[in-house]
Amino acid sequence: MLTFLLLLLGQGSVFGALLSQKPLRDICQRGTSVTIQCHVDSQLALMFWYRQLPGQSLTLIATANQGSEATYESGFTKDKFPIHRPNLTYSILTVNSVNPEDSSFYFCSAGDTAQHFGDGTRLSVL
Ligand SMILES: *[C@@H]1O[C@H](CO)[C@@H](O)[C@H](O)[C@H]1NC(C)=O
């Protein structure tokens, strides 16, 4: 599974869609808000936001639907993780009032039959 994931992370374009995330690294103060942008080079209906806490596996935060509200997984709320999906190639995740427990990798992903991943954003909250 890990090897598979690394392949996807490293070679997204081989699978037909390339995702780019900004920023790749962010260090911020407790209580601030962090915005992560994700751009995909092809039009895929579904985009996903994940986080990976240190030493844990990927956890789905929400599915970003174009033109409607994101669908959140249990334990994640729109207030804490507002998601903007203005069009088929773009999504923005905000993490509000961050605290040290939000220090994590955040990944965007998109796909239809295969899932493609961005490079990940490493967030550290001081
Ligand atoms: C998608 O939305 C983003 C942010 O609003 C914008 O910068 C981009 O140009 C839009 N792309 C298309 C294809 O409309």
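Colleague: Which residue in strand 9 is the bridge partner of Arg 51?

Modeller: Tyr 106 is the bridge partner of Arg 51 in strand 9. Before we go on, this is a predicted model: local features need pLDDT of at least 70, side-chain atom pairs count only at pLDDT 80 or more, and totals for chains, interfaces and linings use all residues. Residues are numbered from 1 along each chain as its sequence is written.

Colleague: How many helices and strands does the protein chain have?

Modeller: Helices (H or I, at least four residues) and strands (E, at least two) are DSSP runs, numbered from the N terminus. Here the protein chain has one helix and eleven strands, and the elements run α-β-β-β-β-β-β-β-β-β-β-β from the N terminus on.

Colleague: Which strands pair with strand 4, and over how many bridges?

Modeller: Two strands pair if DSSP finds at least two bridges between them. Strand 4 (residues 46-52) pairs with strand 5 (residues 59-65) in the antiparallel sense over six bridges, where Leu 46 has Asn 65 as its bridge partner. Seven bridges join strand 4 to strand 9 (residues 104-111), again antiparallel. The hairpin of strand 4 and strand 5 has six residues between the strands, and Gly 55 takes a positive phi near 75° there.

Colleague: What does strand 11 pair with?

Modeller: Strand 11 (residues 121-125) runs parallel to strand 2 (residues 25-28), and four bridges join them. Strand 11 also pairs with strand 9 in the antiparallel sense over three bridges. Leu 123 in strand 11 is the bridge partner of Asp 26 and of Ser 104 as well.

Colleague: In what order do the strands of the open sheet stand?

Modeller: Four strands form it in the order 1-3-8-7, with antiparallel pairing. Strand 1 (19-22) and strand 7 (83-87) are at the edges with a single partner strand each, so one side of each is left without a neighbour in the sheet. The twist averages 15° from one strand to the next, with axes fitted as lines to C-alpha atoms (for helices over the stretch in contact) and angles from 0 to 180 degrees between N-to-C directions. Within this sheet, six bridges join strand 3 (residues 34-40) to strand 8 (residues 90-95), and Gln 37 stands opposite Ile 92.

Colleague: Which residues surround the ligand?

Modeller: A residue is near a molecule if its C-beta atom, placed from the backbone, lies within 6 Å of it. Pro 86, Asn 87, Thr 89 and Tyr 90 surround the ligand.

Notes:
Buried ≥ 20, exposed ≤ 12 C-beta atoms within 10 Å, placed from the backbone.
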